[in-house]
Amino acid sequence: MRVTGNRMIDLATGATASGQARVASSAQEVTSGMRVTRPSDDPSAYIAAERAKLHRNLVDGSTRAVQTSRDRLDQVDAALAGIGDVISQIRSLAIQGVSATYNASDRAQIAEQVHSLTRTAIGAGNVRAVDGEYLLAGSASLSAPFSSTGAYTGNADTRDVSTSATSSVRATISGADLTAANGGVDVIPLMERVFSALATNDTAALAGTLDELAKAVEQVGLARTRVGGSMAVLDATVLAHGELTESLTTTISNAVEVDSIAAASNLAKASQALEVSRTVSSHLIALLKLA
Amino acid sequence: MSNLLSLLSLGSNAIQAQNTGLSIATNNVANVNTRGYSRQRVDLHALMGAPLVGGVTAGSPERLQDNLLAGRIRTAGGSLSMSTAFHQALLDVESRMTSSGPTIHEQLGKLAARMTELTATPTDTITRDTVISAARDVNSGIRRRAAELDTAQEEANARIQEKAAQVSTLAIRLSQTNLQVQKSGDGALRDERDRIANQLSELTGGTARIDGDGHMRFVLDGGAMLVDGNNAAALRPILDPATGDQRLEVVAGTLRRDVTANITRGSIGADLQVRDSVIVKARDDLDQLAFDISSAYNTAHRANAGLDGVSGRNMFTQPTQVAGAAKAMALDPALDADPNVLATAAPGGAVGDNAGAKALLTVASGNVATGGKTLVGAALDIVSSIGIAASEAKSDIYRDTLFHENLAGLRDSLSGVDIQEELSNLARFEHATSAMTRFVATVDGLLGELINRL
């Protein structure tokens, strides 16, 4: 095949231009750290990275939801702990009140304490989240669940929070756990009954509340156990989400980011090829000049 | 005496022949860097004379060029031009769908994440606001991308219009060059004609042929004749009122022929394919996505109740048809005005119930889009399919460049000027001219001597 000088120069120029493009592309990868910045760079890598990013966003959303629920359970636990303390105190006062050494006046004084403690318990039962939602109201969460008399006006609904596309965990308990709904006692109305017995100096009725108060302490403890169980599940979920997020970040990184060592090596190779191409071009031009 | 005169004549002819060779070689060297130039060659023929005197004469200069190869180069040029322009246009569409802010799939992903948060705090005003804000972003994102596709379509139409005008101008030049070639047959004119034909092929992907009458004819795919000898047709853009697109007609006198569907190669073919296939598909997919988003969310939203306990309300304005759904997409005005309208609770249930929020989350993560895809997946597929097409077009450029380069090498092998070769030719012709000049001088001296002795 006849090869002209111009053709040789064209080929050498083409090789140099292509070498320069490779060096520019490799340098861009090394400096930006990104191998894929748009779908056409590597469609399958782009799709894999975008799917992983979307999954990570969902996980992040779910983590925020779980964290919010976890914070709320902390509030609920503190409220239940407060109610539990109140019941224990009221039970101690009731035991004192039953004692024959106390008279009506003494019991009236104790009744005042019980009344104050009951207000505290009602306040704790009407605990609210930062957005104003009542945390122990079930799904009737925009109204206070415990009336001034301690009657429960909420419902027994609980709320699940999605932890993934297919699963969810229970993230609330309702104030119904403090009522007789499931074979327990009506905890706060019981306090009112203690108050009434003390206020009316009815020691028999007061004695009758002692066992129920003991049950109420257990009932609140049981509710706290449920809350603790949910908190543990939520904590585990946050932990699992953290690991999943890390794994997804690795997937994204592997798909679209450059391996710095490989990229540096590619840049070195491309630079060397360009240098060779330039040397060939200059030799060729010198040769043609001599001719 | 008569023999000496014959020798003088032989010498004169020989000098003329060598000078022809010199001028051809010089012309070749002068055009060494002229794009599309085909080198010329002159063959010298020995003259057979009576017993002792012969001589030499130069034949007509021959233009070293292969019409078959030239045709293959034009075809390859049309393909390369097509893949290059197609790749560029696809990158433009891809950029319009992915750059300048979050993509639609990212916005849908954000909405899904906000929906997840909504299941935990369905009554929280801030959470409800962020969900509505994310829905607004999806809505504005889809409308913006739909508008970008419209712009890409307008630009493709403008390019088609501009290139059609170029084709018409080149067709006239080709017909005029045909006429000039017919008159003079000059090699430079033939080269010019080839260059024009190459440009036409790069624009339209059409083919040129040189018939027995020496005329070049340029034919578009599908058979429409653009240049027939000295006659040129025009490639005229005609606005299609139904689509708003430019259609292309070959107009020759009163004859008109729609060739829009026939031009599938060249850079015009690329613009047509981007406009009529890529953008149309992206727009259809976007309309389908907008329709699916609105319909699926509306179904879930209508079935549940807002904080005011009212159910049966849409989340987005319900589109009446798929076509145009993207551009018409809008958040339901009631929801846009009041976040309490967001249906997070079961109808008849308490306000803190999150059944509605969970139903909306099911839409966000479920396979509710056409084709059994998730909404996010369908949105990702729109940009991915454009990216895949652009990536394939890049491979096509590589393939077409290799093929075109190979043919260019073959052409150069036949038609390219090699300076060393031409300098050798110059030296050969120069030496021969010098020798013949001396020969003529010698014969002239002999004749002078003879005349003096007479």
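What share of the contacts in chain B with a separation of 6 or more comes from residues 24 or more positions apart? The share is 70%, where two residues are in contact if their C-beta atoms, placed from the backbone, lie within 7 Å.

Before going on, a word on the model. This is a predicted model, in which local features need pLDDT of at least 70 and side-chain atom pairs count only at pLDDT 80 or more, while totals for chains, interfaces and linings use all residues. Residues are numbered from 1 along each chain as its sequence is written, and chains are lettered from A and ligands numbered from 1 in the order in which they are written.

## Chain B as a whole

Chain B holds 11 helices and 11 strands; helices (H or I, at least four residues) and strands (E, at least two) are DSSP runs, numbered from the N terminus. The radius of gyration of chain B is 37 Å, well over the 22 Å that the globule rule gives for 454 residues, so chain B is more spread out than a compact globule. Here the radius of gyration is taken over C-alpha atoms, and the globule rule is 2.2 Å times the number of residues to the power 0.38. Of the 454 residues in chain B, 45% are buried. A residue is buried if 20 or more other C-beta atoms lie within 10 Å of its own, exposed if 12 or fewer, and partly exposed in between, with C-beta atoms placed from the backbone.

## Domains

Domain bounds come from an automatic or database domain assignment. The table sets out both chains.

| Chain | Domain 1 | Domain 2 | Distance between C-alpha centres |
|---|---|---|---|
| Chain B | 2-64 + 416-453 | 70-402 | 65 Å |
| Chain A | 5-33 + 258-290 | 48-252 | 72 Å |

In chain B, the contact takes five residues from domain 1 and five residues from domain 2. On the domain 1 side of chain B, these are one nonpolar, three polar and one charged residues. Ala, Val, Leu, Ile, Met, Phe, Trp, Tyr, Cys and Pro count as nonpolar, Asp, Glu, Lys and Arg as charged, and the others, Gly among them, as polar.

## Where the chains touch

Now to the two chains. Their contact takes 45 residues from chain B and 40 residues from chain A. Several helices of chain B each give at least two residues to the side that touches chain A, including α2 (67-98), α4 (125-184) and α11 (419-453). The largest share, 13 residues, comes from α10(B). By class, this side of chain B has 17 nonpolar, 19 polar and nine charged residues.

Strands of a sheet pair through backbone hydrogen bonds, either parallel or antiparallel. Two strands pair if DSSP finds at least two bridges between them.

One open sheet has four strands in the order β5-β6-β7-β8 (chain B), with antiparallel pairing. Its edge strands are β5 (207-210) and β8 of chain B, each pairing on one side only. Helix α5 (residues 187-204) of chain B packs on this sheet, touching β5 and β6 of chain B, and its direction makes about 5° with that of β6(B). For such angles, axes are lines fitted to C-alpha atoms, for helices over the stretch in contact, and angles run from 0 to 180 degrees between N-to-C directions.

Follow the strands along: β6 (residues 216-219) and β7 (residues 225-228) of chain B pair over three bridges, and F218(B) stands opposite V227(B) in β7(B). Their hairpin has five residues between the strands, and G222(B) takes a positive phi near 100° there. Next, two bridges join β7(B) to β8 (residues 231-232) of chain B, where V227(B) stands opposite A232(B). The hairpin of β7(B) and β8(B) has two residues between the strands, and G229(B) in the turn has a positive phi of about 65°.

Another open sheet has three strands in the order β9-β10-β11 (chain B), with antiparallel pairing. Its edge strands are β9 (234-239) and β11 (255-258) of chain B. Neighbouring strands of this sheet are turned by 35° against each other on average, direction ignored. Four bridges join β10 (residues 246-252) of chain B to β11(B), and V251(B) stands opposite R256(B) in β11(B). Finally, α4(B) lies across β9 and β10 of chain B, running at about 155° to β9(B).
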